[in-house]
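The following paragraphs walk through a structure, starting with single residue pairs and moving on to the contacts between chains. Please keep the sequence and the coordinates at hand.

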Amino acid sequence: MAVSEFDVRHVAQLARLAIDPARLPSLVQELNGILGHMEALGAVETSPETGDGRLETTAAGLRSDEGPPIPLAAARETFAPQMADGFFLVPRLATHEDLGSRSP
Amino acid sequence: MSLSARETADGVRSGQRTTRSVVEEVFRRADEVGAGKDGLNIVLHEDREASLREADLRDGKSGASYLVNPNARPLKGVPVYVKDNIATTTLRTTCGSRILADYVSPYDATVVARLRKAGALIVGKTNMDEFAMGSSTENSAYGPTKNPIDPTRVPGGSSGGSAAAVASGMVRIALGSETGGSVRQPASFCGIVGVKPTYGRVSRYGLVAFASSLDQVGVFGRTVDDAALGLQAIAGPDPRDATSSPIEPQAYHAAQHDSLEGLVIGRPREYFPDSLDPRIRDICDQAIERLKSLGAEVCDVSLPHTSLAIPVYYIVAPAEASSNLARFDGVRYGLRLSGDGLEGMYEATRSNGFGPEVTRRILLGTYVLSAGYYDAYYRKAMAIRGLIRRDFEQVFAAGVHVLLTPTAPTTAFKLGAISDPYEMYMSDIFTATANLAGIPGMSVPAGAVEGLPVGVQFLASHFDEYRMFVAAYALERAIAGGAV
Amino acid sequence: MVVGLEVHVHLLTKTKLFCPCSTEFGATPNANTCPVCLALPGALPVLNEAAVRLAARAAYALGCTVHEDSVFARKNYFYPDLPKGYQISQFDRPLATDGRLALEDGADEARSVRIHRVHMEEDAGKSVHDRYAGSTAIDLNRSGTPLIEIVSEPDLRSAADAGAFLRRLKQILEYTEVSDANMEEGSLRVDANISTRGPGASTLGTKTEIKNMNSFSGVERALEVEFARQCALLERGERVVQQTMLWDAGSGTVRPARSKEESHDYRYFPEPDLPPLRLTREWLASVRTDLPELPAARRQRFVESFSLPAYDADVLTATRDLADYFEAVVASGAEAKVAANWVMGEVLARLKDAGIGIRELAARPAQLGVLLAMVRDGAVSHSAAKAIFAQMAKTGEDPAVIADREGLRQVGDDSQLSAWIDGVLAAHPDEAGRFLAGEKKLQGVLVGMVMKASGGKADPKKVNQLLAGRVAT
């Protein structure tokens with residue numbers, strides 16, 4: 001499975017990374033170089049019994065439905081790039097009128 | 001720092017030393033070795049005046065209870081450097097990245113809060129590979145850290161700054177973080193002790209995530225005891241980390257035994273391939289002889305899936321990273337660069353905010369998770385991760401307590417010597433397995449090749465750091481005593 | 001018409017799904033946010049047990065199998081109100097699967113809808129687009145609010161059935177106190193998948209997804225409109241294109257979403273920050289045991305135990321509070337059908353007029369019971385009782401107090417009644433004569449005159465008896 005320039009552009013778009021076209025060929029080469037080493041995995045027999053590889057944890061992991069909230073040592077304005085009236089501001093979405101206030 | 005962490009805490013507690021004098025010594029030593037940007041480039045952020053004020057404050061209110069009860073403040077007055085991917089309210093947390101250049105966390109990581117509670121002072125934040133992605137600390141947006149032992153060489157990575165801070169004698173304890181060997185490998189390169197605890201032993205709350213299922217805060221110590229003290233202060237369950245374990249930590253400092261009678265040490269053959277540098281092999285074998293002479297039983301064992309660790313690691317870690325790093329979008333904190341609309345802002349911010357290695361791994365991780373490739377890469381890698389873990393479980397179940405291996409296949413290499421990404425990744429070949437399996441590991445200085453330190457690695461079963469420390473304390477003492 | 005619904009429901013927890021921030025509505029923007037729901041570097045999610053309990057309760061109420069093991073997964077996409085760049089949801093190992101919701105009580109399976117799955121996830125924040133020129137404003141107070149998504153199989157065949165499904169679902173969610181399930185307030189959201197299958201065709205047509213409805217009737221109307229659009233396309237021999245349609249309630253139309261058709265590749269993978277959710281059998285059993293009586297069972301019990309018509313049972317069990325109220329009235333001694341008539345009549349009218357819920361009604365069920373006993377015993381007339389209730393409903397005073405103060409008690413005392421009768425007969429000698437001579441049809445007229453003379457206080461039953469007695473003698 002070799003990665004193409006198309007794949008890299010697609011993946012870069014998913015990750016919201018702009019790739020300099022001049023850098024693209026070398027990036028494809030690097031990724032293929034790395035992925036080439038991954039081919040060894042395909043030769044290993046695995047089955048559902050092998051498991052999903054997640055670490056067993058002894059953690060209970062649940063919390064009770066109560067506060068207090070985790071405090072912030074500094075106001076949001078101190079770390080936010082742009083705020084107004086308590087809102088974080090971002091450049092307006094081009095398609096906003098379609099989706100109202102919902103995420104896609 | 002000439003005194004051990006324990007001696008420093010005792011000295012401050014008894015009033016023989018002031019916290020201020022301890023902190024002043026840190027900064028004096030930092031200046032001596034050139035810890036700043038123009039020198040070894042160890043420290044990214046510090047506020048010396050604030051640290052001295054904090055020291056004075058501590059000296060002013062030495063509560064009587066702490067005088068008599070060392071357990072209350074086991075690190076009283078002990079200065080600690082913290083890797084720059086661990087959130088601190090007092091100093092910036094940049095993760096060695098441009099995208100967080102001016103970011104100050106509005107909350108403290110659990111490990112930082114615990115260090116403070118134990119009486120320690122956070123005296124600075126140390127340089128690192130950007131978002132902990134690297135094995136040399138050359139991938140920092142703020143320039144590489146240099147190895148104090150030979151400044152033409154790397155200190156290892158990604159926690160190179162913290163390793164160098166301890167190795168150069170600025171402090172006895174520093175925090176790093178591990179995803180695939182980022183504490184143990186630099187410990188080996190810098191000739192100090194580095195511990196990666198069991199996954200879940202130490203809270204990750206406030207550790208900026210690289211690969212969540214592999215990340216763990218680790219500890220550097222000048223000595224095994226320094227590291228034990230540091231780990232003791234930060235270990236234990238945390239309700240803010242669902243993956244932290246409710247199992248209470250053992251008393252690591254109690255692992256000092258005169259005899260190793262009854263301890264079974266395994267020597268996994270896959271970690272001693274024919275291609276291994278024979279000088280490193282000799283150092284490991286010497287260590288084994290020393291432990292044998294103390295009464296340990298040594299046997300050969302096999303961990304057959306070891307060679308798959310790097311391919312598995314470089315699928316799982318970038319996959320998780322690609323998701324973990326999505327939050328750096330310029331919306332709520334950190335760098336924001338404008339572009340064409342919202343999408344342009346995302347791309348400008350992220351493309352300029354992340355360096356080349358981080359970009360490469362995000363692309364790789366996005367790819368292996370994307371539609372059509374998930375089964376062949378991520379699912380497959382996770383299944384094999386299970387096999388790697390099972391290898392360890394079988395060996396430990398067979399009665400082996402601790403494994404001894406080389407920590408890294410090489411000594412510290414020259415700055416700029418490795419440019420091929422995969423060759424750099426192979427630097428983690430002996431360490432990534434512990435992260436994949438979730439088991440604890442540590443590197444202990446065991447010798448030198450051409451003046452460059454070499455560490456041996458101990459690995460133990462889940463939550464059995466104690467036995468690992470037993471072996472580490474014993475080896476350290478044996479080496480100091482010169483007996484083989 | 002072939003319809004499947006995806007319903008998102010806010011769970012009634014005090015705090016968010018993964019952090020202890022308040023879920024309360026209406027705080028100033030971003031006031032209810034913390035390192036976790038702001039997705040600050042290093043923050044980690046910890047699962048709220050109450051949310052799991054509510055989700056499991058809803059799943060059981062929908063007849064699902066709740067799994068001992070389920071897995072949270074990350075759904076990766078960029079959106080400014082999604083702070084982590086991924087939503088924590090469940091993907092291939094959901095909390096619960098394989099449920100069923102009946103559209104009619106006691107109906108066969110054809111009139112029930114299969115529930116494909118119920119899974120847990122977190123809500124995103126809110127984007128406000130029209131407040132700042134050139135900017136979208138992000139409020140993350142809602143970010144991390146616990147949701148369940150209920151996905152039905154495509155078993156619905158009409159818009160009316162879709163409406164019925166949603167109303168029944170809402171009722172169940174309210175009964176189990178899982179959610180407010182209020183579509184207007186956004187605590188319940190519906191996306192509808194619809195396709196059109198020609199008569200006799202066995203395969204499903206291409207489906208579209210309709211979003212942006214804000215009421216149940218809006219869902220019904222949107223389905224009708226989209227169905228008509230699809231039918232028209234097919235009749236012209238054109239194809240239905242798989243796409244997302246947006247409902248515009250104002251114009252009553254649907255239109256394709258203009259969102260960039262970037263291929264959605266969510267790159268789901270198991271959430272490494274949360275261990276797999278493992279629920280013990282005991283825990284699940286306790287959730288199941290704690291389930292309250294569900295609406296269908298209650299309707300059936302009302303019919304069987306109280307001998308009520310199905311219609312009454314339906315109205316009285318509309319909400320759990322109303323049904324509780326009714327049962328309390330009966331428990332205080334009232335006859336069931338009488339209580340039903342009163343609750344369905346006077347009580348509901350009062351709630352409607354005042355725009356309040358049953359919990360806010362000042363008149364408590366035991367007081368209504370006393371009032372109904374007074375009617376039964378002839379202490380007050382039916383019409384006086386209505387006047388008394390109108391006051392009780394506002395003030396919460398006891399009915400006897402109101403009856404005494406307002407002089408609304410009936411007079412049943414023979415001597416007083418006889419005096420009124422004597423007066424009426426004396427004042428109308430003509431009618432009196434004919435009546436006493438046996439013209440019985442005049443009795444009603446005379447009763448009316450007596451009632452008038454008494455100012456409405458005379459007990460009409462007794463007046464009738466006494467008048468009849470005069471003829472007999």
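Which side chains meet Asp321(C) in a salt bridge? The side chains of Asp321(C) and Arg359(C) meet in one, at 2.7 Å, N to O. The pair links distant parts of the chain: Asp321(C) is in helix H7 (residues 320-331) of chain C, while Arg359(C) is in the loop between helix H8 (336-354) and helix H9 (365-376) of chain C, 38 residues apart. A salt bridge here is a side-chain nitrogen of Lys or Arg within 4 Å of a carboxyl oxygen of Asp or Glu. Helices (H or I, at least four residues) and strands (E, at least two) are DSSP runs, numbered from the N terminus.

This is a predicted model, in which local features need pLDDT of at least 70 and side-chain atom pairs count only at pLDDT 80 or more, whereas totals for chains, interfaces and linings use all residues. Residues are numbered from 1 along each chain as its sequence is written, chains are lettered from A and ligands numbered from 1 in the order in which they are written, and side-chain values use heavy atoms, with hydrogens and water left out.

The two partners can also be placed by accessibility. Asp321(C) is partly exposed, with a relative accessible area of 26%, and Arg359(C) is exposed, with 62%. The cut-offs are under 20% relative accessible area for buried and over 50% for exposed, with partly exposed in between (1.4 Å probe, protein chains only).

Another salt bridge in chain C lies within one helix. The side chains of Arg434(C) and Asp430(C) meet at 3.5 Å, N to O. Both residues lie in helix H13 (residues 429-436) of chain C, 4 residues apart, about one turn of the helix. Arg434(C) counts as partly exposed at 35% relative accessibility, and Asp430(C) is partly exposed at 47%. In chain B, Asp277(B) and Arg279(B) form a salt bridge through their side chains (3.0 Å, N to O); Arg279(B) is partly exposed, with a relative accessible area of 39%. Salt bridges also link Arg23(A), Glu30(A), Glu357(B), Arg360(B) and Arg361(B) in a network. Over all chains, the structure holds 70 salt bridges.

Is Gln410(C) buried or exposed? Gln410(C) counts as buried because its relative accessibility is 14%. Its place is in the loop between helix H11 (399-406) and helix H12 (414-427) of chain C. The side chain of Gln410(C) reaches the backbone oxygen of Gly378(C) at 2.5 Å. Leaving aside residues up to four places away in sequence, Gln410(C) touches, among others, Ala379(C), Val380(C), Lys457(C) and Pro460(C). Contact means heavy atoms within 4.5 Å.

The interfaces come next. The size of an interface is often given as the accessible area lost when the parts come together. Buried area is the accessible area (1.4 Å probe) that two parts lose on being put together, summed over both. Chain C and chain A bury about 4,600 Å² between them, 56% of it on carbon and sulfur atoms. Pro20(C), Phe78(C) and His129(C) supply 13% of the area that chain C buries against chain A, more than any other three residues. In contact are 67 residues of chain C and 43 residues of chain A.

Between chain C and chain A there is 1 salt bridge, in which the side chains of Arg131(C) and Asp85(A) meet at 3.7 Å, N to O. Strand S2 (47-48), helix H1 (49-61), strand S9 (126-132), strand S10 (135-139) and strand S17 (277-278) of chain C each supply at least two residues of the side of chain C that touches chain A. S9(C) gives the most to that side, with 6 residues. Strand S3 (residues 87-91) of chain A is joined to S10(C) by 4 bridges, and the two run antiparallel. Two strands pair if DSSP finds at least two bridges between them. Pro91(A) stands opposite Ser135(C) in S10(C).

Chain C and chain B bury about 2,700 Å² between them, 60% of it on carbon and sulfur atoms. In chain C, Pro41(C), Leu44(C) and Phe78(C) lose the most area to chain B, together 23% of what that side buries. Here 31 residues of chain C are in contact with 38 residues of chain B. The count between chain C and chain B is 1 salt bridge, and the side chains of Arg204(B) and Asp273(C) meet in a salt bridge at 3.1 Å, N to O.

Note on methods:
A polar contact is a pair of N or O atoms within 3.5 Å; within protein, one must be able to donate a hydrogen and the other to accept it, and residues adjacent in sequence count only if both atoms are side-chain atoms.
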